[in-house]
Amino acid sequence: MNKLKVSYDREGNTLSVWFDDPKKEYVCEESDDDVVLVKDRRGRVIGFERLNYLSAKQRKEGLSIPVEVQMA
């Protein structure tokens, strides 16, 4: 996968970011601050999920937050 995939799940209030093919997901590992690391069979991080992405206030107000990505 040569593209970065970013998606937001409004119902679950999660932001998912993939650096590789999501089909390669093997294990998920919860980290600090509501972040779940997604790893492949070799233990390489291929993505992450940010739980509780928007605060309750932001969700109530219907606020949208831009996501900025910079690739080298």
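Strand β2 and strand β5 (residues 45–50) run antiparallel and are joined by 4 bridges; strands, like helices, are DSSP runs numbered from the N terminus, with at least two residues (E) for a strand and at least four (H or I) for a helix. Two strands are taken to pair if DSSP finds at least two bridges between them. The model is predicted, so that local features need pLDDT of at least 70 and side-chain atom pairs count only at pLDDT 80 or more, whereas totals for chains, interfaces and linings use all residues. Residues are numbered from 1 along each chain as its sequence is written, and side-chain values use heavy atoms, with hydrogens and water left out.

Serine 16 belongs to strand β2, which spans residues 14–18. Because its relative accessibility is 12%, serine 16 counts as buried; the term buried denotes under 20% relative accessible area, exposed over 50%, and partly exposed the range in between (1.4 Å probe, protein chains only). With residues up to four places away in sequence not counted, serine 16 touches Lys5, Val6, Ser7, Phe48 and Glu49, where contact means heavy atoms within 4.5 Å.

Strand β2 also pairs with strand β1 (residues 5–9), in the antiparallel sense and over 5 bridges. In this pairing, tryptophan 18 of β2 is the bridge partner of lysine 5. The hairpin of β1 and β2 has 4 residues between the strands, and asparagine 13 there takes a positive phi near 55 degrees.

In a regular strand the side chains alternate between the two faces of the sheet. In β2, Thr14, Ser16 and Trp18 point one way and Leu15 and Val17 the other way, and all are buried. Since 5 of the 5 residues of β2 are buried, the strand is largely enclosed by the rest of the structure. Threonine 14, also in β2, counts as buried at 10% relative accessibility. Its contacts, not counting residues up to four places away in sequence, are with Ser7, Tyr8, Asp9, Glu49, Arg50, Leu51 and Tyr53.

On strand β5, phenylalanine 48 is partly exposed, with a relative accessible area of 28%. Phenylalanine 48 and valine 17 are 31 residues apart in sequence, yet their C-alpha atoms are 5.4 Å apart in space. Beyond residues up to four places away in sequence, phenylalanine 48 touches Leu15, Ser16, Val17, Phe19, Val35, Val36, Leu37 and Val38.

A further antiparallel pairing involves strand β3 (residues 27–30) and strand β4 (residues 35–39), joined by 4 bridges. Here valine 27 stands opposite lysine 39 of β4. The hairpin of β3 and β4 has 4 residues between the strands, and aspartate 33 takes a positive phi near 60 degrees. Aspartate 34, in the loop between β3 and β4, has a phi near 60 degrees, a positive value in a residue other than glycine. Aspartate 34 is partly exposed, at a relative accessible area of 30%. A positive phi, near 50 degrees, is likewise found for asparagine 52, which lies in the loop between β5 and α1 (56–61). Asparagine 52 counts as partly exposed at 46% relative accessibility.

Rolling a probe the size of a water molecule over the atoms shows where empty space is left. The largest pocket has a volume of about 230 Å³. On a 1 Å grid over the protein atoms alone, a pocket is an open set of points with protein on both sides within 12 Å along at least five of seven lines, in contrast to a cavity, where a 1.4 Å probe fits but cannot get out; lining residues have an atom within 4 Å of a point. Grid points are joined across faces, edges and corners, and the volume is the space filled by probe spheres set on the points. The lining of the largest pocket includes Leu15 and Ile65. By class, this lining has 7 nonpolar, 3 polar and 2 charged residues; Ala, Val, Leu, Ile, Met, Phe, Trp, Tyr, Cys and Pro count as nonpolar, Asp, Glu, Lys and Arg as charged, and the others, Gly among them, as polar.
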